[in-house]
Amino acid sequence: MSGTLKETVGRYGIWSVGLRSEDPARRAEIAEAAAELEELGYGAAWLGGSSAAHHAVPLLAATSRLAVGTSIQSIWQYEADASAAAFAEVDKAHPGRFVLGLGVSHAKLADQYRRPYSALASYLDVLDAAGVPANRRVLAALGPKTLELSRDRATGAVPYLVTPEHTAQAREILGEAALLAPEFMVVLETDPARARALARESLALYLTLPNYTNSFLRLGFTEDDLASGGSDRLVDALYAWGDEARIRDRVTAFLEAGADHVALQVVDGGSRDALPREAWRRLATVLA
């Protein structure tokens with residue numbers, strides 16, 4: 001596939017843990033969902049969790065244009081040389097459509113977690129030596145140093161759980177050439193109490209992870225905002241909910257702040273492994 005990664009991924013994509021699975025019995029279901037995402041006009045599918053190249057294969061095989069990215073692949077879970085070999089294999093079969101998204105995960109989730117920035121830079125050194133092109137990899141960057149690394153050693157950043165204000169700051173660091181593709185969570189619910197309850201259920205894990213809470217504090221939220229499941233101010237900044245016009249405006253705010261692409265994650269209270277295809281259809285209509 002020719003063109004830049006910005007052109008390949010388009011304006012909107014879907015982020016989902018359910019699009020990756022180790023269960024062979026789910027390959028057909030995932031492939032069918034990927035084909036529909038392409039038909040609905042989404043430019044990319046982002047495989048949630050610590051995904052890897054082999055998780056992308058069913059989606060790539062079922063589609064002809066859809067970009068498929070890991071979001072993210074943990075550098076602690078997959079060795080760099082193995083990642084390089086897997087990238088080469090998938091790219092040979094589906095040229096230009098697989099995006100290697102990398103991140104350092106969290107100390108709570110990775111026993112090896114030490115000097116994460118240096119470890120990520122060293123990982124990129126191995127990918128460079130193996131010939132994995134920088135213009136086909138992105139980093140899960142939140143803070144300024146990792147955003148700079150995304151600019152200098154990758155083709156851009158895929159920040160997770162951020163706001164349009166973060167996007168504006170990230171664009172300033174990245175410059176205009178780099179891809180900036182934030183993830184954004186959407187609750188297709190108009191009742192404020194119900195919407196915020198679903199959002200807080202989703203947010204609970206992230207409030208235990210310093211990488212995210214430190215990011216929230218840098219964005220101007222306070223310790224009070226992080227307490228008791230998150231303040232309404234925090235929840236409303238991190239999640240889009242409401243009627244179609246409000247959700248469209250919230251997503252558009254990221255583009256106006258400098259995002260090239262927004263990776264949308266549906267939050268509905270169901271299993272994270274589920275494929276909320278009806279919600280993806282509704283979102284496609286909202287964003288058309």
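## Overview of the predicted chain

The chain holds 13 helices and eleven strands, where helices (H or I, at least four residues) and strands (E, at least two) are DSSP runs numbered from the N terminus. Its radius of gyration is 18 Å, close to the 19 Å that the globule rule gives for 288 residues, so the chain is as compact as a globular protein of that length. That radius is taken over C-alpha atoms, and the globule rule is 2.2 Å times the number of residues to the power 0.38.

This is a predicted model, in which local features need pLDDT of at least 70 and side-chain atom pairs count only at pLDDT 80 or more, while totals for chains, interfaces and linings use all residues. Residues are numbered from 1 along each chain as its sequence is written, and side-chain values use heavy atoms, with hydrogens and water left out.

Along its principal axes the C-alpha trace spans about 50 × 40 × 35 Å. Of the 288 residues, 57% are buried; buried means under 20% relative accessible area, exposed over 50%, and partly exposed in between (1.4 Å probe, protein chains only). Taking contacts between residues at least 6 apart in sequence, 70% join residues at least 24 apart, a contact being heavy atoms within 4.5 Å.

Helix α2 (residues 27-40) has 14 residues and reaches 20 Å from its first C-alpha to its last, close to the 20 Å expected at 1.5 Å a residue. The expected span is 1.5 Å times one less than the number of residues. The buried residues of α2 are Ile 30, Ala 31, Ala 33, Ala 34, Glu 36, Leu 37 and Glu 38, and they pack against β1 (12-16), β2 (44-47), α3 (53-61) and α13. After α2 comes Gly 41, with a positive phi near 100 degrees.

Ala 44 lies in strand β2 and is buried, at a relative accessible area of 1%. Its C-alpha is 9.3 Å from that of Ala 34, ten residues away along the chain. Beyond neighbours within four places in sequence, the contacts of Ala 44 include Tyr 12, Ile 14, Leu 66 and His 261.

The axes of α12 (residues 244-257) and α13 (residues 277-287) come within 9 Å and cross at roughly 75 degrees. The two helices are therefore roughly perpendicular to each other, the term for angles of 65 to 115 degrees. Glu 244, Ile 247, Arg 248 and Val 251 in α12 meet Leu 283, Val 286 and Leu 287 in α13.

Ser 215 belongs to helix α9 (residues 210-218). This serine is buried, with a relative accessible area of 2%. Apart from neighbours within four places in sequence, Ser 215 contacts Leu 142, His 166 and Pro 210.

### Backbone exceptions

Most residues other than glycine have a negative phi, and most peptide bonds are trans.

| Residue | Phi | Relative accessible area |
|---|---|---|
| Leu 161 | about 60 degrees | 2% |
| Ser 228 | near 55 degrees | 77% |

Leu 161 sits in the loop between β7 (156-157) and α7 (164-174) and is buried. Ser 228 is found in the loop between α10 (223-226) and α11 (232-238) and is exposed.

The peptide bond from Ser 71 to Ile 72 is cis, with omega near 5 degrees. Ile 72 is in the loop between β3 (67-70) and β4 (73-74).

How values were computed
Axes are lines fitted to C-alpha atoms, for helices over the stretch in contact, and angles run from 0 to 180 degrees between N-to-C directions. Angles under 35 degrees count as roughly parallel, over 145 as roughly antiparallel, 65 to 115 as roughly perpendicular and the rest as oblique.
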